[in-house]
Amino acid sequence: MTRYEIIEQHEEVLRLCAMAGGSAQDWQHAEIYRYVKKLRSDGHKMEYCVQCAVVRYVISPATVWRILRDMDEPVTINL
């Protein structure tokens with residue numbers, strides 16, 4: 001499968017993501033977001049959850065906090 005074929009098959013979803021202010025890298029961010037939210041739902045404090053993500057994904061704490069903020073931000077899509 002080529003990159004074009006992937007884009008062609010998922011064009012509408014990618015367009016909606018772009019309209020919502022998303023980027024192609026957001027799928028990676030979704031994984032980090034799910035990981036932190038899972039730890040949080042297990043009862044861990046938020047700072048601990050962020051530090052676990054820092055270690056697991058080798059990113060800075062500021063990046064984790066930005067991902068959490070961006071993923072929780074409500075969006076409006078005008079079609």
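Reader: At what angle do helix 3 and helix 4 pack, and how far apart are their axes?
Author: Helix 3 (residues 26–41) packs on helix 4 (residues 46–57) at about 140 degrees, and the axes lie 9 Å apart. This is a predicted model, in which local features need pLDDT of at least 70 and side-chain atom pairs count only at pLDDT 80 or more, while totals for chains, interfaces and linings use all residues. Residues are numbered from 1 along each chain as its sequence is written, and side-chain values use heavy atoms, with hydrogens and water left out. Axes are lines fitted to C-alpha atoms, for helices over the stretch in contact, and angles between N-to-C directions run from 0 to 180 degrees. Helices are DSSP runs (H or I, at least four residues), numbered from the N terminus.

Reader: Why is helix 3 called oblique to helix 4?
Author: Angles under 35 degrees count as roughly parallel, over 145 as roughly antiparallel and 65 to 115 as roughly perpendicular, with the rest oblique. The angle here is about 140 degrees, and that makes helix 3 oblique to helix 4.

Reader: Which residues make the contact between helix 3 and helix 4?
Author: Helix 3 contributes Glu31, Ile32, Tyr35, Val36, Leu39 and Arg40, and helix 4 contributes Met46, Cys49, Cys52, Ala53, Arg56 and Tyr57. Contact means heavy atoms within 4.5 Å.

Reader: What makes Cys49 count as buried or exposed?
Author: Buried means under 20% relative accessible area, exposed over 50%, and partly exposed in between (1.4 Å probe, protein chains only). Cys49 has 0%, and is therefore buried. Cys52 is at 17%, so Cys52 counts as buried too.

Reader: Where is His29, and is His29 buried or exposed?
Author: His29 is in helix 3 and, at 17% relative accessibility, counts as buried. Apart from neighbours within four places in sequence, His29 is in contact with Arg66, Ile67 and Met71.

Reader: Is Tyr4 buried or exposed?
Author: Tyr4, in helix 1 (residues 3–9), has a relative accessible area of 55% and is therefore exposed.

Notes. Helix = DSSP H or I, 4+ residues; strand = E, 2+ residues; numbered from the N terminus.
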